[in-house]
Structure formats: structure tokens, C-alpha cells
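This briefing is meant to be read alongside the sequence and the structure.

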Amino acid sequence: MRLGLFYIVVLSLSLFACYRVVHSNYNPERLVLGEWDELVWAYDKVNSKDSNVAKYKTITDEVKNNIGENLIIHESEHWQFLPDGTLLLRGKDKITHAKWIIKGRGHVLQIKHDDKRIENYNIVHISKHNLVLNFEWDLEIRGIAQLSFNRK
Amino acid sequence: MLRKIKNRALKEQLTLGGTMAFFAGMVNVTAFLAFYVFSSNVTGYYAILGAEIADGNVYQIAIVFTWIFLFLTGSFVASLIVNRYKKRKKYIAFTLVVVIEILCLFAVGCYGVNFYAETLSETEVLVALMLFSMGLQNGMTSSISKFAVKTTHLTGATTDLGVLLAMLTQKSNRNNHSVIAKTKLLGITAISYLMGAVFSGLVYFEIGFYVLYITCALLFFVLIFNWIKASKVVLYSWNALASPFI
């Protein structure tokens, strides 16, 4: 009887602790809200035999355009996540609307566009001031590009 | 006589392992396609938990820990139910656990079809329910078969299969009934799981969360089939007992 009670108490406490964390400010859905400025695109992993890997660290504008050619975000330096699930992507001359969703254990950012296109990004790090995303998350892909943002 | 009993036991294990592994494959792929997480990849979740602890991601730590804990809880509940009933009432234990599993999966399917707004909180709760149901299933099959059958533990199954296939290269093992039986069981489990996964993967893109309704319906048919079989066993036993008086 006492053991049964112990099990019930442990289960209840665990679920309650989880509930508190889910509804706290650690929740990525809350953390991501607001405006973000694109800081830098960099290679997370570089597939090169060159010993001087550091020179590949930052992605040039030309390479950035190639990588992001089919991605809607490549011309948008300012991102604004709204509570209703809308994502405003502000570039130099235009604003694009999309829908954002966070999936998985809070590690996948999915962006859905009006033309039914879906893009998935791995949330590497998210905090009050910084957001770091990876294109895809397949560990076998080398030369993964990493997007870093600062809170505006 | 002993061989007959062994053959019947193997046949039951093959049926149990094969059917339940098929459903496990279906549920796991549905969870991955709908929520981008697996519903029975506990080994992976331990690794992910370690990585998230190293990175200090409090939210992910809490979520992954809870998922692992709920899988454990499902297995615990299943084992409690199976151990409560004596050998003759094995079918009641099986029925109870499968009914709970059906209720969990039906709840996820129903919510997914009618209410799911793709928020993170909803995702975490629905995945938690699926993990609990997979823990239930794995715990039930494991308890009923005395740890011979585990339908969502493909890491262990694949490891054991490799070991057994290596053992079969020796002549003495090729005549060993239990080695052959175990190899068949693990092979059927793996193949059935894969078939369930492929089926779910093909069907999910057409019907979405309704896949879980199909899973529930198939589980229900398995229940009916088992009850019919159980009724025949009871009837036979009753007739056998009563025959001197008829």
C-alpha cells in the first residue's frame, strides 16, 4: 500500500514538474515571439580537406544566395514571430507572410508558406536574446548552414 | 506431448509478436510524420536526454524525461494488470491492456482529426499519450510471453537476431529447437514492424490522423479474435470437465 502511494506521488510530482516547465518561459513557443535581426550565416560543419577551415566559417553573400535560392527566407533580414502563428519576414524592399509552428520536442521550427511550401529548421539554441537555426538536421549532411539571430 | 505444447507456445508467440509489432510500426511512423518525434525510440531518447542535459535546454530535458517516464509507466501498468490475473485469465489481462491502448490511440486520433492546432503543448501531450500506449503494449507482450516477445524494442531484437544467426552457423544449434524458434520470432517481429511502418507511411499522407483509427480498428479485431479463441478454450474445458456426466 505504501509502495503504491509512493509510486502515485512520484508520478504526480513528475507530471506536475513537467507541466510547470511546459508553461514557463523556457517554452520555445514563448521564447521565439517577437522580432529578430539576422546576425550571420555560417557553416556549422565544413566538408573540406583544407586545413584552414576558419576561412569557410562565414558564408559570403554569393554563397548565401546560392544556398537560400529556394528558401523564402534568404532575402529577409528581419523576422517577426507573432502569437497567432504568423511570421513576418522583412527584407530590404518587401514583407512576406508565412505561418510558423514549433514541432517535436521544441527542436523543429516549421515555416509554411502561402504556396503550400514547407521549410524545416533545427532550433540549435533559443534564449531571450539569441536564436540559432540549422538548415535540416541530418547529421550526414556536411556543410550545414547555420543562421544566427539577435533579438531586436 | 511436450513438443505439441512447445509448438503451440511458439505459434502463440509468433502471432502475438507479429501482430503487435505491426501495430507498433504503424504508430511509430504516424508519430514521426505528424509530430517529428518517435513514439517508441526509447534508446534514442536516452541519448537525446543526455545531449539536452549537456546543452542545458531545460524545456527539452523536461519533455524528453517525461516521455521516457510515461513509456516506463505504460509498461508498469501493463505488467500490474498481467500479473494480477492468473494463468487461466491471461486473455482478460490481454484484453484490458489492449482496450487501454485503443483508448489512448483513439484519443490521439480523434484529437488530431478534430482539434489539433499544431501548438507545441498539444504535440507534447499527444506524443506522451502515444509513448504511454507503446509502453503498455511492450510491457504487456513482454509480461505475457515471459520476456520472450518485445514488439517495440527493435534494438534488442536486431542484436539478438544477429547473435542467433551467428549461432545457426554451428550444426549443433541448427538442431536446437529453441534457437530456431527464437530466430523465427525475432525475424517475424522485425518484418512485421517494418510492414506496419511502411503501411502507415503510405497511408498517412492520404488520410492523416485517421491512420490511428485504422490502428484502433485492427486492434479491436485482434481482441475479438482472441475472445473467440478464449471462449472455445473455456467451452472445451467445460465440456471436458462435464463429459463423464453427459
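Where in chain B is the place of B:Ser39? B:Ser39 sits in the loop between H1 and H2 of chain B, where helices (H or I, at least four residues) and strands (E, at least two) are DSSP runs numbered from the N terminus.

The model is a predicted one, in which local features need pLDDT of at least 70 and side-chain atom pairs count only at pLDDT 80 or more, while totals for chains, interfaces and linings use all residues. Residues are numbered from 1 along each chain as its sequence is written, chains are lettered from A and ligands numbered from 1 in the order in which they are written, and side-chain values use heavy atoms, with hydrogens and water left out.

**Chain B overall**

- Of the 246 residues of chain B, 47% count as buried, where buried means under 20% relative accessible area, exposed over 50% and partly exposed in between, with a 1.4 Å probe and protein chains only.
- Among the contacts in chain B with a separation of 6 or more, 73% come from residues 24 or more positions apart, a contact being heavy atoms within 4.5 Å.

**The surroundings of B:Ser39 and B:Val27**

- B:Ser39 is buried, its relative accessible area being 0%, and, leaving aside neighbours within four places in sequence, B:Ser39 is in contact with B:Val27, B:Asn28, B:Ala31, B:Phe71, B:Met130, B:Leu131 and B:Met134.
- B:Val27, which belongs to helix H1 of chain B, is likewise buried with a relative accessible area of 0%.
- With neighbours within four places in sequence left aside, the contacts of B:Val27 are B:Ser39, B:Leu105, B:Met130, B:Met134 and B:Thr215.
- B:Val27 and B:Ser133 are 106 residues apart along the chain, yet their C-alpha atoms are separated by 9.5 Å.

**Loop residues with positive phi**

- B:Tyr36, in the loop between helix H1 (2-35) and H2 of chain B, is a residue other than glycine with a positive phi, near 65 degrees.
- B:Glu118, found in the loop between helix H4 (90-114) and helix H5 (120-144) of chain B, also has a positive phi near 65 degrees without being glycine, and at 22% relative accessibility B:Glu118 counts as partly exposed.

**Packing of H2(B) with H3(B)**

- Two packed helices are described by the angle between their axes and the distance between the axes.
- The axes of helix H2 (residues 42-55) and helix H3 (residues 58-84) of chain B come within 9 Å and cross at roughly 155 degrees; axes are lines fitted to C-alpha atoms, for helices over the stretch in contact, and angles run from 0 to 180 degrees between N-to-C directions.
- H2(B) and H3(B) are therefore roughly antiparallel to each other, given that angles under 35 degrees count as roughly parallel, over 145 as roughly antiparallel, 65 to 115 as roughly perpendicular and the rest as oblique.
- The crossing of H2(B) and H3(B) is left-handed, a term that applies if the near helix is turned anticlockwise from the far one by less than a right angle, with right-handed used if clockwise.
- Residues making this contact include B:Tyr45, B:Leu49 and B:Ile53 of H2(B) and B:Ile61, B:Phe65 and B:Phe71 of H3(B).
- By class, the contact of H2(B) with H3(B) divides into twelve nonpolar, one polar and one charged residue, where Ala, Val, Leu, Ile, Met, Phe, Trp, Tyr, Cys and Pro count as nonpolar, Asp, Glu, Lys and Arg as charged, and the others, Gly among them, as polar.

**Packing of H6(B) with H8(B)**

- The axes of H6(B) and helix H8 (residues 177-207) of chain B come within 9 Å and cross at roughly 140 degrees, which makes H6(B) oblique to H8(B).
- This crossing of H6(B) and H8(B) is left-handed, and its residues include B:Leu161 and B:Leu164 in H6(B), which meet a set in H8(B) including B:Val179 and B:Leu186.
- The contact of H6(B) with H8(B) has ten nonpolar, two polar and two charged residues.
- B:Leu168, in the loop between helix H6 (154-167) and helix H7 (171-174) of chain B, is eleven residues from B:Val179 in sequence and 7.8 Å from B:Val179 in space, C-alpha to C-alpha.
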